[in-house]
Amino acid sequence: FTPIYNNNYQLVLTDSHLVIHVEMVHDARIVPIYADADSARARHKPDAIKPWMGDSVGWWEGDVLVVETVNLHPIQSEQGQIPLSPKGKVTERFQRWADDEIFYSFTVDDSSNYTRPWTVENSFRPQSRIYEYACHEGNYAMPGILIGARKLEREQEAAAKQK
């Protein structure tokens, strides 16, 4: 799903799995890929098991990788950007449109929270790197680091003028 910010992803695809690494808090979803939709859906865990980030399975429909997620963990269901009931389902689709673009969509189907299914579409484009997620609020070392760096710059500038 698309988070509010820090929405940088690293996608790793093998013959049997898709790994989606999210910059935000370094979450990683590992999605097993099956031969078809029926085989994949048969591998969903029992409803009593609610993994963090949900129970995801995948399959190919032509050149589109489809990922279906059910049984989202209750904390994520209640506090996430997209509220889902215990019966909610999210279906994601990944399709390469160009060498530098993956077309992505997800459909939320949850009759307990929404009057009908709804879909979001987005394009993923490559970035040079994924960064470490870190907050600096309350980082009391930062002023000292910056003061030290500015002092070093002044000293280097003064030394250059003396030459």
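Okay, a quick word on what counts as an element here: helices are DSSP runs of H or I with at least four residues, strands are E runs of at least two, and both are numbered from the N terminus. With that in hand, the protein reads β-β-β-α-β-β-α-β-β-β-α from the N terminus on. That gives three helices and eight strands.

Keep in mind that this is a predicted model. The average pLDDT is 88, and 92% of the residues score at least 70. Looking element by element, helix H1, residues 37-42, comes out highest with a mean of 98. At the other end, helix H2, residues 74-79, has the lowest mean, 75.

Now the overall shape. We have 163 residues, and a compact globule of that length would have a radius of gyration near 15 Å, but this protein has 22 Å. If you box up the C-alpha atoms along the principal axes, you get roughly 75 × 35 × 25 Å. As for burial, 30% of the residues count as buried. And of the contacts with a separation of 6 or more, 39% are between residues 24 or more positions apart.

Let me zoom in on S3. Its pairing with S2 is antiparallel, with five bridges joining the two, and His 17 stands opposite Pro 32 of S3. The hairpin of S2 and S3 has five residues between the strands, and Val 25 in that hairpin takes a positive phi near 60°. With S4, residues 55-61, the sense is parallel, and there are two bridges. Across that pair, Ile 33 sits opposite Gly 58 in S4, and Tyr 34 sits opposite Trp 59 in S4.

So what packs together? The largest nonpolar core has 18 residues, and the ones with the most contacts inside it are Leu 18, Leu 65, Val 67, Phe 94, Phe 106 and Val 108. Strands S2, S3, S5, S6 and S7 each supply at least two residues of this core, and S7 gives the most, with four. There's also a second, separate core of six residues, which includes Ala 37, Ala 40, Val 57 and Trp 59.

Leaving out residues up to four places away in sequence, Val 67 touches a list of residues including Leu 18, Val 31, Val 57, Val 90 and Phe 94.

Met 53, in the loop between H1 and S4, has a positive phi near 70°, and it isn't a glycine. Is Met 53 buried or exposed? Its relative accessible area is 15%, under the 20% cut-off, so Met 53 is buried. Then there's Asn 71, in the loop between S5 and H2, another residue other than glycine with a positive phi, near 55°. Asn 71 counts as buried too, because its relative accessibility is 3%.

Conventions:
Residues are numbered from 1 along each chain as its sequence is written. This is a predicted model: local features need pLDDT of at least 70, side-chain atom pairs count only at pLDDT 80 or more; totals for chains, interfaces and linings use all residues. Side-chain values use heavy atoms; hydrogens and water are left out. pLDDT is the predictor's confidence in each residue, from 0 to 100. Two strands pair if DSSP finds at least two bridges between them. A nonpolar core is a set of buried Ala, Val, Leu, Ile, Met, Phe, Trp, Tyr and Cys residues joined through side-chain atoms within 4.5 Å. Buried means under 20% relative accessible area, exposed over 50%, partly exposed in between (1.4 Å probe, protein chains only). Contact means heavy atoms within 4.5 Å. The radius of gyration is taken over C-alpha atoms; the globule rule is 2.2 Å times the number of residues to the power 0.38.
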